[in-house]
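Subject: A structure for you to look at

Hi there,

Here is the structure I promised to pass on. Please open it beside this email and follow along as you read.

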Amino acid sequence: MSREEPPITTAEIRQRAYELWDRNHRPEGLEIQFWLLAERELKAERTAWMQQQQADSTPKR
């Protein structure tokens, strides 16, 4: 059984991008880079979470 990943919202990306920007001392002119990094991180986390959910729901032998 394959489940589709829940979509990542713009609000989630915005929040993560802000956190990354803030942790990196708020550099100017890197908004797009932080946005893209936030998207990649969230997608990787979501994929790992989905894989774990599928592994947990697989019957054990």
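P27 touches W21 and F34, leaving aside residues up to four places away in sequence; contact here means heavy atoms within 4.5 Å. You will find P27 in the loop between helix 1 and helix 2. Helices (H or I, at least four residues) are DSSP runs, numbered from the N terminus. P27 counts as partly exposed because its relative accessibility is 24%. For that scale, buried means under 20% relative accessible area, exposed over 50%, and partly exposed in between (1.4 Å probe, protein chains only). The C-alpha atoms of P27 and R14 are separated by 16 Å, and these residues are 13 apart along the chain.

A word on the source: this is a predicted model, where local features need pLDDT of at least 70, side-chain atom pairs count only at pLDDT 80 or more, and totals for chains, interfaces and linings use all residues. Residues are numbered from 1 along each chain as its sequence is written, and side-chain values use heavy atoms, with hydrogens and water left out.

Next, helix 2. This helix covers residues 31-57, which is 27 residues, and reaches 39 Å from its first C-alpha to its last, close to the expected 39 Å (1.5 Å times one less than its number of residues). F34, A38, L42, R46 and M50 are buried in helix 2. An α-helix has 3.6 residues a turn, so residues three or four places apart point the same way. The buried residues of helix 2 pack against helix 1 (10-23).

Now for the charged pairs. How many salt bridges does a search of the whole structure find? The search finds 5, each being a side-chain nitrogen of Lys or Arg within 4 Å of a carboxyl oxygen of Asp or Glu.

One of them joins E41 and R16, with the closest N and O atoms 2.8 Å apart. E41 lies in helix 2 and R16 in helix 1, so the pair ties together parts that are 25 residues apart in sequence. Is R16 buried or exposed? R16 is buried, because its relative accessible area is 15%, whereas E41 is partly exposed at 26%.

R16 also forms a salt bridge with E45, the closest N and O atoms being 3.0 Å apart. That pair links distant parts of the chain, as E45 in helix 2 and R16 in helix 1 are 29 residues apart.

Enjoy exploring!

Methods. Helix = DSSP H or I, 4+ residues; strand = E, 2+ residues; numbered from the N terminus.
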